[in-house]
Amino acid sequence: MFTKPQDIVVALKLALGDSPLKYAELGQALGISASEVHAAVRRLLQARLLDPETKRVRREALLDFLVHGVPYSFPASPKELTRGMPTAWAAPVMAQKFSSSDQIQPVWPDPKGSVQGASVEPLYPSVPGAARRDPELYGLLALVDALRIGRARERAAAEKEISVRLIPHAAT
């Protein structure tokens, strides 16, 4: 069984929580059905990204997969101009580090978005809504997009920021 893009969204949400949520609660927060969350957890266990006993995220393994697997497993590239929600280096989590760029800012297509930019397909269709409801998750998802579509400089900055957020002692 292969990891699906929504599994990454579930893993990031689980990594942010202090205690595991129920499948229905997690699904509601992410805009995914409870059965799909259950299937995602099962795939994450098989991929050894969750501890089988505690069902907690194995943070170092997740970080490795985000940096070295996600860009190849779930590649994305900016497409046509559209209205949406800023992602990657255009999102608030990275915007201060990359003030003015010669690139058009990437956005997740979203009718509620307020920014025009190059369309980037999110990992899962419900990502913009989940990101609006959870700013911490938004930051992580935008950083993952920087790994998926960024140049070397953006990818390096995203990797550093993700490691600080997932593994707090990595900052020292």
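# Report on helix packing and the nonpolar core

In this predicted model, helices α8 and α9 pack at an angle of about 145 degrees, and their axes are 8 Å apart. The crossing of these two helices is left-handed. On the α8 side, the contact is formed by E136, G139, L140, L143, V144, A146 and L147, which meet E154, R155, A158, E159, E161, I162, R165 and L166 of α9. Sorted by class, the residues of this contact comprise eight nonpolar, one polar and six charged.

From α1, the residues I8, A11, L12 and A15 meet R59, L62, F65 and L66 of α4. The contact of α1 with α4 holds seven nonpolar residues, no polar residue and one charged residue.

The table sets out the geometry of the two pairs.

| Helix pair | Packing angle | Distance between axes |
|---|---|---|
| α8 and α9 | about 145 degrees | 8 Å |

In soluble globular proteins, nonpolar side chains tend to be buried together. The largest nonpolar core of this model has 51 residues, and V10, L12, L66 and L166 are those with the most contacts inside it. At least two core residues are supplied by each of the helices α1 (5–16), α2 (23–30), α3 (34–46), α4 (59–68), α6 (92–95), α7 (127–133), α8 (135–149) and α9 (152–166). Helix α8 gives the largest share of this core, with 10 residues.

Which residues does L66 touch, when those up to four places away in sequence are not counted? L66 touches I8, L12, P71, V144, L147, I162 and L166.

E60 is partly exposed, with a relative accessible area of 46%. Along the sequence, E60 and I162 are 102 residues apart, yet their C-alpha atoms are 11 Å apart in space.

V127 is found in helix α7. Is V127 buried or exposed? Its relative accessible area is 1%, so V127 is buried. Apart from neighbours within four places in sequence, V127 is in contact with V9, W108, P122 and L141. For L141, the separation from V127 is 14 residues in sequence and 8.1 Å in space, C-alpha to C-alpha.

W108, one of the contacts of V127, also takes part in an aromatic pair with Y138. The count of aromatic pairs in the model comes to one. The ring centres of W108 and Y138 are 5.7 Å apart and the planes stand at 50 degrees, so the pair is tilted. W108 lies in strand β2 (residues 106–109) and Y138 in helix α8, so the pair ties together parts that are 30 residues apart in sequence. Both W108 and Y138 are buried.

R48 has a phi near 65 degrees, which is a positive value in a residue other than glycine. R48 is exposed, and its relative accessible area is 60%.

K55 likewise has a positive phi, of about 60 degrees, although K55 is not a glycine. With a relative accessibility of 35%, K55 counts as partly exposed.

Why does P52 count as exposed? P52 counts as exposed because its relative accessibility is 53%, and exposed means over 50%. Not counting residues up to four places away in sequence, P52 touches L45 and R58. The C-alpha atoms of P52 and R42 are separated by 9.5 Å, and these two residues are 10 residues apart along the chain.

Methods: Residues numbered from 1 in each chain as written. Predicted model: local features only at pLDDT ≥ 70, side-chain atom pairs only at ≥ 80, totals over all residues. Heavy atoms only, no water. Core = buried A, V, L, I, M, F, W, Y, C linked by side-chain atoms within 4.5 Å. Buried < 20%, exposed > 50% of the residue type's maximum accessible area, 1.4 Å probe, protein only. Helix = DSSP H or I, 4+ residues; strand = E, 2+ residues; numbered from the N terminus. Contact = heavy atoms within 4.5 Å. Axes fitted to C-alpha atoms, helices over the stretch in contact; angles between N-to-C directions. Left-handed = near helix turned anticlockwise from the far one by under 90°. Nonpolar A, V, L, I, M, F, W, Y, C, P; charged D, E, K, R; others polar. Phe/Tyr/Trp six-rings, centres within 6.5 Å; stacked < 30°, edge-to-face > 60°.
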